[in-house]
Amino acid sequence: MGSCIICGVDVDGGGRICRSHQEDVVFDFRGDSPDQLVANRFYRGVVDGYAEFGVFIDLAPGVTGLLHRSELDRRLDSLEWEPGDDVFVQVKGVRDNGNIDLSWSIRQADREFRGALVQDGETEYVPGEDDDAEADDAEAEADDAEKEADDADGDADDADGDADDSTEVTEETDDADDAEAEADDSTEVTKETDDADDVDDGTAADDTDDTTDTDEETEVTDVDYERVDVETLSDRVGETVRLEGEVVSTHQTGGPTIFELRDATGVVDAAAFVEPGVRAYPEVEVGDVIRIDGEVERRRGDIQVETEALAVLDGEDAGAVRHRLAEALVAKARPEGLQPLAGDEAVAGLGEGLLDAAEAVRRAVLESRPIVVRHPATADGYVAGAAVERAVLPLIRDEHAKSDAEYHYFTRRPSEEPVYDMDAATNDVTRMLQDRDRHDEKLPLFLLVGTGSTVESADGLDLLSVYGVEAVVVDAAVADAETREQVDTLVSPELAEVDDDLSTGALVASLASAVNDEVRPDLVHLPAVSYWDDTPDRYVDLARDAGYDRERIAELREAVALEAYYQSYQDKRELIADLLFEDGGDLAAHVSEQFREKLETEIETASANVVTESVDGVEFALLDTDEYTHRFDFPPTPLLLDDLHRRHANGSPFATVGIGTDELYVRSSAPLSVREVAARADELAPTADVSTAGLREGKIGFLSGERDAVEDAVVAAIAEQF
């Protein structure tokens, strides 16, 4: 029975990794059959070549799998892998025909796994163990061969003749007498030494033990190396330095233990080695203040410190380090001030709240806490999320020495639903706890933009609060006062009594400029992109001055809206960045053309099937979205109804209602409280369980069996409000 290299528990069958830590290590596969691979494990592979649909990866000679492009977190043509490159992938499964399905691994370095193992068929062992055993066997075989050769030589010597036997016996007798005399001398010396020890009464031995203990406790103070800051390490490659800071995370590789250390200026990896796969300094925990002496090296382009000595600090020494960290945090986290894009007075009215939100984001970066951004899968939501992403990623790169830190410390997760419901919260909490338990990551900051501000998100926010994570909500439209008690920071025009038609993209673009003023020139066109119509002149002028005319802004908006719909649960980081920040015109124009073709086709079908009616002087356009829309293709129902409403609305009171199996959407030419409409409809159709499902999108839910009654009740409720 073997023991787990991560937690030490016994493993049946002689394995070296327990079931709960299967995904924490990377395997070097040395088998000869795909059937020997284990699903969900991570393996080291070699790029074999590209195809239109993905990348072929060799896991071993004759064992090749396909990493399909749908499994990538980026575009296939943006991969920088070359044939022959070492990469890391996850085995999803092996099909009956032997085909191996692979999945993308965000971890692309040994140090990012907690351990490494060799899988030779069904046998597992720590790298080096089997190699050492083979070396020992080879050495033993060589010794045996040499012994046999010596024996053969001895036999030959015996056969040379007996003429010299008497002489040899005489010489051997003389040698024996000399050896006996030397033994007697040795005995006398030993006795004299023992007598001296008796006289000293053991004092010398005690002094030796004390010296050894002292050396172990103060090993990092034996040599007085210069204490330096993390931000200076790139200029000190090859030097031995001293660092003091807080342990941000630890993880065990197949070789060294990696401690991620943060000081007042940045974060760096420190590698400590005992033996392959064995935890160095097991007493060190995340949050401890430590002192490290080590040599600065550059590995694969990243700065790393090879630890020579490490000590956990306490008392005044630890207090001094924590004081430096706290001072640096306060000085760097709070922005100097807010300068709203286009001088927007409405945004300025929310200044204190936006500065609080910006400080929370900057503090999370400085504390090495991951940031999770949630936003609706709409054009406005994507603009808002991309603005924050544009501001935060450079800060993470500046703070962390690892080149891939931005993929560990920033995640943008679009939400298909207009509220932060239990589905989204459960997903977030599950990932959060896995990252904490598997990789010793700190709990993240959750930044919710354009979602999470209403009572419909209460259950999801409550789940986050159970774990004490920090939540910041920034919403440009609807917010409920009750939400303020459920999140740490809430920014909303309604709570601040700011009366203006802001988009979330416009509000968050100014927030992003406060987070990182250096990217401000990249953000100036985003507010105009976030509006579908009635874009404020101040933002139109700001975009035009930056080289974005109305046509160009429309192309960007439509292209983002189309890409937001497809693979809506993925952030599409590189693609969205190409559209909003890097595109020279061809990509957005191409995608925008697809948007218009698809929308026009759907509008043509929907318009032909709209039912119009007048109730108490209010004109209604009613559309059965189940029967007369492509429900599982672009455009999504909310976007279709927005465009349909704009085309049919006139000067008189007008409302558009799209009704499906168990949900409907309302659009109105005059201010309308969707929550009041839902409450009144629930009174008129008491058995339908009518309720608000999303204020931002004008969404109302109900029981499908009462659909006809709900349609009549909603129409009546809207007419009453007009």
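I started at strand β24 (residues 663-668), which three bridges join to strand β26 (residues 699-701), the two running antiparallel. Within that pair I looked up Leu-664, and its bridge partner in β26 is Ile-700. My rule for pairing: DSSP has to find at least two bridges between two strands.

Before going on, a note on the source: this is a predicted model, so local features need pLDDT of at least 70 and side-chain atom pairs count only at pLDDT 80 or more, while totals for chains, interfaces and linings use all residues. Residues are numbered from 1 along each chain as its sequence is written, and side-chain values use heavy atoms, with hydrogens and water left out.

**Sheet and barrel**

I then traced the sheet that holds β24 and β26: six strands, open, in the order β21-β22-β23-β24-β26-β25, with mixed pairing. The edges are β21 (611-615) and β25 (691-694), each pairing on one side only. Neighbouring strands here are turned by 30 degrees against each other on average, direction ignored. For angles, I take axes as lines fitted to C-alpha atoms (for helices over the stretch in contact), and the angles run from 0 to 180 degrees between N-to-C directions.

Next I followed five strands that close into a barrel, β11-β12-β13-β15-β14, again with mixed pairing. The twist from one strand to the next averages 55 degrees. Strand β11 (residues 240-252) runs antiparallel to β14 (residues 289-299), and seven bridges join them. One of the pairs I checked is Arg-242 with its bridge partner Asp-293 in β14.

**Whole chain**

I count 20 helices and 26 strands in the protein; these are DSSP runs numbered from the N terminus, helices being H or I with at least four residues and strands E with at least two. Of the 722 residues, 49% count as buried, where buried means under 20% relative accessible area, exposed over 50%, and partly exposed in between (1.4 Å probe, protein chains only). Of the contacts with a separation of 6 or more, 65% are between residues 24 or more positions apart; a contact means heavy atoms within 4.5 Å.

**Cores**

What does the largest nonpolar core hold? It has 87 residues, and Leu-354, Ile-371, Val-392, Val-474, Leu-502, Leu-507 and Tyr-539 have the most contacts inside it. Helix α7 (residues 379-399) gives the most to this core, with twelve residues. A second, separate core of 30 residues includes Cys-4, Val-47, Leu-79 and Ile-100. A core here is a set of buried Ala, Val, Leu, Ile, Met, Phe, Trp, Tyr and Cys residues joined through side-chain atoms within 4.5 Å.

I zoomed in on Leu-502: leaving out residues up to four places away in sequence, its contacts include Asp-344, Leu-350, Pro-493, Leu-507 and Tyr-539.

**Cysteines**

**Glu-367**

Last, I looked up Glu-367, in the loop between α6 (351-366) and β16 (371-376). Buried or exposed? Glu-367 counts as buried because its relative accessible area is 19%. Not counting residues up to four places away in sequence, Glu-367 touches Arg-262, Leu-329 and Lys-442.
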